[in-house]
Amino acid sequence: MNVRYANPYVIGVLLGFILLFSFYTMGRGVGSSETFSRIAAAGVDLTAPQHAEEGHYFSKYLSKKRSPLMAWLVFLTLGAGLGGLFSAFISHRIKGEVVRGPLMGVSSRLWLALLGGILSGFAARLARGCTSGQALTGASELAFGSWVFMFSIFAGAYATAYFFRKEWL
Amino acid sequence: MGPLYKFGWFDFAYSLQIAGLIGFFFGFVLERAGFGDARKLTAIFYLRDFAVLKVMFTAIVVCMIGLLYFSVFGWIDLSRVYILPTYIWPQTVGGLVMGVGFVMGGYCPTTSVVATVSAKLDGLVFIGGMILGSFIFAELFPLLKGFYEAGSMGAVRLSDVLKINAGLIALFVCLMAVGAYWVVEKVEQRFGDRGTLPGGSRRIKGAAAALLIVLGLILAIVNPDRIAAKRATASPVEAVKKGEATEPIAPKAEKPASIHFKIVEDEGC
């Protein structure tokens, strides 16, 4: 059932062209972490609108004119979901499961996924971008901070990988 | 001349449709590479499968070369491309934390979306975590504000910091990428599962590597910075005119181009 994954170099070249197309048409690269920040902002705006006013970090997403979700990167992330769904569908890879190593329990895996997500979301806001919005986009335009960011990701992950080996191996 | 949006070729609503299109292909290729699976992604940290590094470096190199050649040919005005500003300390710490989040949670933001749509529950939980993490950051923002702005260097590129021209930097990046491919393939052969690693003929790989280096060499000799600077001083008006001349194709051509420059504040990620 699982069709073999594509050659990473070929994928890299295609991704490079997609990124280049984004730069050529929009003058900016791709990204997705902002989407989740905007979802959080929309949630705050919905439940406690006065909380996110004046000086709050989320206030930059909120304007009277349009919803915080009416943004370029939100649409890009929606597209990414559709594209991923299409690809998974045509190679029969849509299969409900919790990805983990053979020695890992489901609930501990999900807790770690939640914690990892929290760290990721927090770090993406701190660094003003994620692996795609900061590392991929910034590195290809040779932005200095983005290269530092990219190597920091690898450093952080390699330094702690040992402690999570049971989760994956 | 690109970037088309900055020259007023289309409006905000149309740009959202383009975002959807770009996103579609983005998600599609990520899933093709197997990046909807946390074990495939994290295998890089156990030296078994370097697909993540190969995809990232190749995409960066291809896009970088494309941008610089486009700039040399005068197809894109790099000064109108949004360059991510450097805030060295938050980016270093953010990178380290994100690395830990990656190996702990198994995904990065975009790949978790791809995982979620292929029905991986951990991907969905990771997304929930990211929303929560963003919320926590926003709540702590008053405390973090000083650090968030620390080490601000403006929109600097490697060429500005190292004081070398961008073409030479591009050559170094190409050489680094080829070197990295060579090293990680050796490592993979040793630690990885040979049955699942991608094949590919040595001859094609060698030819591609040679092509990369040649493209980098040409850039190093041509020096795109100099050409872009020359063009900017020679005809600052002409570039804008060119954009306007083609504007009738765009639906909202009457609008002044300046209103399109407004969405600058959140162009990062």
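Me: Which residues does Ala170(B) touch, not counting residues up to four places away in sequence?

Reply: Keep in mind that this is a predicted model. Ala170(B) touches Met64(B), Ile65(B), Leu68(B), Gly216(B), Leu219(B) and Ala220(B), with residues up to four places away in sequence left out.

Me: Which residues touch the most other members of the largest nonpolar core?

Reply: In soluble globular proteins, nonpolar side chains tend to be buried together. Here the largest nonpolar core has 130 residues, and Val61(B), Met64(B) and Ala170(B) touch the most other members. Helix α3 (residues 51–73) of chain B gives this core its largest share, 15 residues.

Me: How do I read the overall layout of chain B?

Reply: Start with the elements. Chain B has 11 helices and two strands. Their order along the sequence is α-α-α-β-α-α-α-β-α-α-α-α-α. Then take burial: 48% of the 269 residues of chain B count as buried. Last, take contacts between residues at least 6 apart in sequence: in chain B, 78% of them join residues at least 24 apart.

Me: What covers the buried residues of α6(A)?

Reply: First check the helix itself. Its 17 residues (144–160) should span 24 Å at 1.5 Å a residue; the end C-alpha atoms are 25 Å apart, so the two agree. Buried residues in α6(A) include Phe144(A), Trp147(A), Phe149(A) and Ile153(A). The cover includes α5 (131–140) of chain A, and from chain B β1 (86–87), α4 (88–105), β2 (152–154) and α7 (158–162).

Me: What should I look for in backbone angles?

Reply: Most residues other than glycine have a negative phi. Arg128(A) is not a glycine, yet its phi is positive, about 60°. Ala119(B) also has a positive phi, near 70°.

Me: Where do Arg128(A) and Ala119(B) lie?

Reply: Arg128(A) is in the loop between α4 (106–126) and α5 of chain A. Ala119(B) is in the loop between α5 (109–117) and α6 of chain B.

Me: Why does Arg128(A) count as buried?

Reply: Count C-beta neighbours inside 10 Å. Arg128(A) has 26, so it counts as buried. Ala119(B) has 16 and therefore counts as partly exposed.

Notes:
Residues are numbered from 1 along each chain as its sequence is written. Chains are lettered from A and ligands numbered from 1 in the order in which they are written. This is a predicted model: local features need pLDDT of at least 70, side-chain atom pairs count only at pLDDT 80 or more; totals for chains, interfaces and linings use all residues. Helices (H or I, at least four residues) and strands (E, at least two) are DSSP runs, numbered from the N terminus. The expected span of a helix is 1.5 Å times one less than its number of residues. A residue is buried if 20 or more other C-beta atoms lie within 10 Å of its own, exposed if 12 or fewer, and partly exposed in between; C-beta atoms are placed from the backbone. Two residues are in contact if their C-beta atoms, placed from the backbone, lie within 7 Å. A nonpolar core is a set of buried Ala, Val, Leu, Ile, Met, Phe, Trp, Tyr and Cys residues joined through C-beta atoms within 7 Å.
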